[in-house]
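Biologist: I've got a structure open and I'd like to learn how to read its side chains. Can you walk me through a few features?

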Amino acid sequence: MEVADRSFELFLTHEEIQEAVKNVASKINTDYENKEIVFVGVLNGVFMFASDLIKHISVSCEVTFIKVQSYQGTSSSGKVTKLIGLSTELEGKHVIILEDIVDTGLTLEKLHTMMKEHQPQSFEVATLLFKPDAFKGKTPPKYIGKEIQNKFIVGYGLDYQEKGRNLKDIYKIKE
């Protein structure tokens, strides 16, 4: 598989992804039974995961999306400067940040600090993919679809040079 100027090989099938999504939803449904959640998806990459996850959520919920302004590059800088688009009131609510992938966790640390300013009752993170070997943050995500190696991947919302988000499977870079 070619995306932009790089070669990728199949890493996770659509079926494997959907199983991971269902597992995350099941854990959230159990933990938040009889509670209401505000899901805050971090765009752009999270759109597919968020859409599929919400279909399996059985508790009352709201869904909103934000973008974070940060430095661009091929590796995570973790230098988030501001949230763009947060229009939902979070004070006193149970908030779950949705991420497509967590690698260094530095962006999440900054998001956690920014979210505290909104005084939610609780705050957790759900991610489809987690790279524990790359993680440098203080608190790993509570809800993890699948732990993976520290390899560059594309597909199912994840991009390489803004390409490949539309792929239903996830591919890893060929080395």
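Modeller: Happy to, and keep in mind that this is a predicted model. Let's begin with Phe-152, which is partly exposed, with a relative accessible area of 29%.

Biologist: How do I read that number, and is Phe-8 buried or exposed?

Modeller: Under 20% counts as buried and over 50% as exposed, with partly exposed in between. Phe-8 has a relative accessible area of 1%, so Phe-8 is buried.

Biologist: How many aromatic pairs are there?

Modeller: The count comes to 4 aromatic pairs. In one of them, the ring centres of Phe-8 and Phe-152 are 6.3 Å apart and the planes meet at 45 degrees, so we call that pair tilted.

Biologist: Which parts does the pair of Phe-8 and Phe-152 tie together?

Modeller: Phe-8 belongs to strand E2, while Phe-152 is in the loop between strands E8 and E9, so the pair joins parts that lie 144 residues apart in sequence. Tyr-160 comes in too: ring pairs link Phe-8, Phe-152 and Tyr-160 into a cluster.

Biologist: What sits over the ring of Tyr-32?

Modeller: That's the charged end of Lys-35, 5.9 Å from the ring's centre.

Biologist: Now a charged residue, Glu-99: where is it found?

Modeller: Look in strand E6, residues 94–102. Glu-99 is buried, yet it has no salt bridge. Arg-165, the nearest side chain of opposite charge, is 9.4 Å away, whereas a salt bridge needs the charged atoms within 4 Å.

Biologist: Which residues does Glu-99 touch, leaving out those up to four places away in sequence?

Modeller: Among them are Val-42, Val-46, Phe-49, Leu-108 and Thr-127.

Notes. Residues are numbered from 1 along each chain as its sequence is written. This is a predicted model: local features need pLDDT of at least 70, side-chain atom pairs count only at pLDDT 80 or more; totals for chains, interfaces and linings use all residues. Side-chain values use heavy atoms; hydrogens and water are left out. Rings of Phe, Tyr and Trp (its six-membered ring) pair if their centres lie within 6.5 Å; planes under 30 degrees apart count as stacked, over 60 as edge-to-face and the rest as tilted. Helices (H or I, at least four residues) and strands (E, at least two) are DSSP runs, numbered from the N terminus. Buried means under 20% relative accessible area, exposed over 50%, partly exposed in between (1.4 Å probe, protein chains only). A charge sits over a ring if NZ of Lys or CZ of Arg is within 6 Å of the ring centre and within 35 degrees of the ring normal. Lys and Arg count as positive and Asp and Glu as negative; His and the chain ends are not counted. Contact means heavy atoms within 4.5 Å.
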